[in-house]
Amino acid sequence: MGKGGGCIPSKKKAPISGPGESDPATESLIQENSATTSCQEELVQEVKNLRVFIVFYSMYGHVESLARSLKKGVDSIGGVEGVLYRVPETLPEEVLQLMKAPQKDDQVPLISAEKLVEADGLLFGFPTRYGSMAAQMKAFFDSTGQLWREQKLTAVPGGFFVGTGTQGGGQETTAWTAITQLVHHGMLYVPIGYCFGPGMFNMESIRGGSPYGAGVFAGDGTRQASEMELDLAEYQGKYMAKTVKKLAHKS
């Protein structure tokens, strides 16, 4: 026959089966492709499931600035995603207005206690109140009773970041006194230690943060987080993301 019009079957093609007949070679190829697709889907699902919830309370925005830097750090680690959540406010609107508290960003959703079980890692941020967490965050932890009874958060890594008004206002004690919340839930406390490097020993400028976690000094409220404080928060986000990823690969 003329060029291009031949009907000689290719040696590389599987023979055509008749109606109702199954070809072993074709079935094997289909099963192999199906198995490969299934493995790829499982891998993608595993990557998507690695999430660090950054749960915070921030009245004037100082702690929130740290939370956003933490998310930046988490997101920089492949396969891990940082998700921002705000805990519910407990003060009435008229009181917040008298305290000149700015409106909260509606793009950051409120979180309920039941949502915590979806996280692979948890970072909690809050301002200090006399050396311990603010009442809004404590109220949120108090709402996790059902999770505690069922031990739903067992072995989930968790950490803290804080905000204080002064250098002696509780950068360490605010996180330290919060550890009991993780202990009762059987969670894994993940401090940053001194892994941040030379920045942890910087004495040339005022810097919030400690081996317990990132921190910011708010002063009278007008001081915003410094570059060093934001860098430490970003590092903590990376550190937690790497920890979550390592634990996921070992499970």
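Tyrosine 60 sits in the loop between strand 1 (51-56) and helix 2 (62-75). Helices (H or I, at least four residues) and strands (E, at least two) are DSSP runs, numbered from the N terminus. The model is predicted: local features need pLDDT of at least 70, side-chain atom pairs count only at pLDDT 80 or more, and totals for chains, interfaces and linings use all residues. Residues are numbered from 1 along each chain as its sequence is written, and side-chain values use heavy atoms, with hydrogens and water left out.

**Exercise 1. Describe the lining of the largest pocket.**

Step 1. Define the term. On a 1 Å grid over the protein atoms alone, a pocket is an open set of points where a 1.4 Å probe fits, with protein on both sides within 12 Å along at least five of seven lines; lining residues have an atom within 4 Å of a point.

Step 2. Count the lining: 18 residues. Tyr60, His62, Pro127, Arg129 and Ala218 lie nearest the centre.

Step 3. Sort them: 8 are nonpolar, 8 polar and 2 charged. Here Ala, Val, Leu, Ile, Met, Phe, Trp, Tyr, Cys and Pro count as nonpolar, Asp, Glu, Lys and Arg as charged, and the others, Gly among them, as polar.

Step 4. Trace the sources. Helix 2, strand 3 (121-129) and strand 5 (157-164) each supply at least two residues. Strand 3 gives the most, with 3.

**Exercise 2. Find where the salt bridge between aspartate 105 and arginine 68 joins the chain.**

Step 1. Apply the rule: a side-chain nitrogen of Lys or Arg within 4 Å of a carboxyl oxygen of Asp or Glu. The closest N and O atoms of this pair are 2.9 Å apart.

Step 2. Aspartate 105 is in the loop between helix 3 (93-98) and strand 3, and arginine 68 is in helix 2, 37 residues apart.

Step 3. Aspartate 105 is partly exposed at 29%, and arginine 68 is partly exposed at 37%.

Note on methods
Buried < 20%, exposed > 50% of the residue type's maximum accessible area, 1.4 Å probe, protein only.
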